[in-house]
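The sequence and the model are shown first, and the description follows.

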Amino acid sequence: MDGPPARQYEDVRSSRPYDLVLRSELESKVEAALAALPEKQRTALVLCREEELSYEDIARVLDCSLSATKSLIHRARETIKQQLKPYLETGVWK
């Protein structure tokens, strides 16, 4: 073949090992924060995020009102956010 070699581009779809380690570490921190939640908050959040149930369905499963369900999910998210904030800012897990 004549001419310059074909230009090569980085495959941005594949993660570098360092990025994979960071993602894995963050996932473990999220799991730890989730595990530390009170049972009802954890259940409500898991049903919402992982099972993709509606708030109405979650309320039926937990046998509570719709407003209580929304409150549980909101408090769970806020608690996890507060637990992860120092880690995301400094890299230190408490």
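## Salt bridges

Arginine 60 and aspartate 57 lie 3 residues apart in helix 3, so about one helical turn separates them. Helices here are DSSP runs (H or I, at least four residues), numbered from the N terminus. The side chains of arginine 60 and aspartate 57 meet in a salt bridge, at 2.3 Å from N to O; the term denotes a side-chain nitrogen of Lys or Arg within 4 Å of a carboxyl oxygen of Asp or Glu. Side chains of opposite charge can pair when their charged atoms come close. Arginine 60 counts as exposed at 61% relative accessibility, whereas aspartate 57 is partly exposed at 29%. In these terms, buried means under 20% relative accessible area, exposed over 50%, and partly exposed in between (1.4 Å probe, protein chains only).

The whole structure contains 2 salt bridges. Glutamate 78 and lysine 81 also form a salt bridge through their side chains, at 3.0 Å from N to O. Both residues lie in helix 4, 3 residues apart, or about one turn of the helix. Glutamate 78 is partly exposed, with a relative accessible area of 30%, and lysine 81 is partly exposed at 46%.

## Basis of the model

The model is predicted: local features require a pLDDT of at least 70 and side-chain atom pairs count only at pLDDT 80 or more, while totals for chains, interfaces and linings use all residues. Residues are numbered from 1 along each chain as its sequence is written, and side-chain values use heavy atoms, with hydrogens and water left out.

## Nonpolar core

The largest nonpolar core has 14 residues, of which Leu37, Ala44, Leu45, Ile58, Ile73 and Ile80 touch the most other members. Each of four helices supplies at least two residues of this core: helix 1 (17-35), helix 2 (39-49), helix 3 (55-62) and helix 4 (66-90). The largest share, 5 residues, comes from helix 4. A nonpolar core is defined as a set of buried Ala, Val, Leu, Ile, Met, Phe, Trp, Tyr and Cys residues joined through side-chain atoms within 4.5 Å.

Which residues does isoleucine 73 contact, leaving aside its neighbours within four places in sequence? They are Ala44, Leu45, Cys48, Tyr55 and Ile58, where contact means heavy atoms within 4.5 Å. Alanine 44 lies in helix 2 and is buried, with a relative accessible area of 0%. Not counting residues up to four places away in sequence, alanine 44 touches Ile58, Leu62, Leu72 and Ile73. The C-alpha atoms of alanine 44 and lysine 85 are separated by 22 Å, with the two residues 41 apart along the chain.

Threonine 69 lies in helix 4 and counts as buried at 0% relative accessibility. Its contacts, leaving aside neighbours within four places in sequence, are Tyr55, Ile58, Ala59 and Cys64.

Arginine 42 is placed in helix 2 and is partly exposed, with a relative accessible area of 25%. Leaving aside its neighbours within four places in sequence, arginine 42 is in contact with Leu34, Ala35 and Leu37. Arginine 42 and arginine 75 are 33 residues apart in sequence, and their C-alpha atoms are 9.9 Å apart in space.

## Largest pocket

Rolling a probe the size of a water molecule over the atoms shows where empty space is left. The largest pocket has a volume of about 170 Å³. On a 1 Å grid over the protein atoms alone, using a 1.4 Å probe, a pocket is an open set of points with protein on both sides within 12 Å along at least five of seven lines, and lining residues have an atom within 4 Å of a point. Grid points are joined across faces, edges and corners, and the volume is the space filled by probe spheres set on the points.

The lining consists of Val30, Glu31, Leu34, Leu45, Val46, Arg49, Glu50, Arg77 and Ile80. Helix 1, helix 2 and helix 4 each supply at least two of the lining residues. By class, the lining has 5 nonpolar, no polar and 4 charged residues. Here Ala, Val, Leu, Ile, Met, Phe, Trp, Tyr, Cys and Pro count as nonpolar, Asp, Glu, Lys and Arg as charged, and the others, Gly among them, as polar.

## Positive phi in two loops

Most residues other than glycine have a negative phi. Glutamate 52, in the loop between helix 2 and helix 3, has a positive phi near 55° and counts as exposed at 67% relative accessibility. Aspartate 63, in the loop between helix 3 and helix 4, likewise has a positive phi near 55°; this residue is exposed at 70% relative accessibility.
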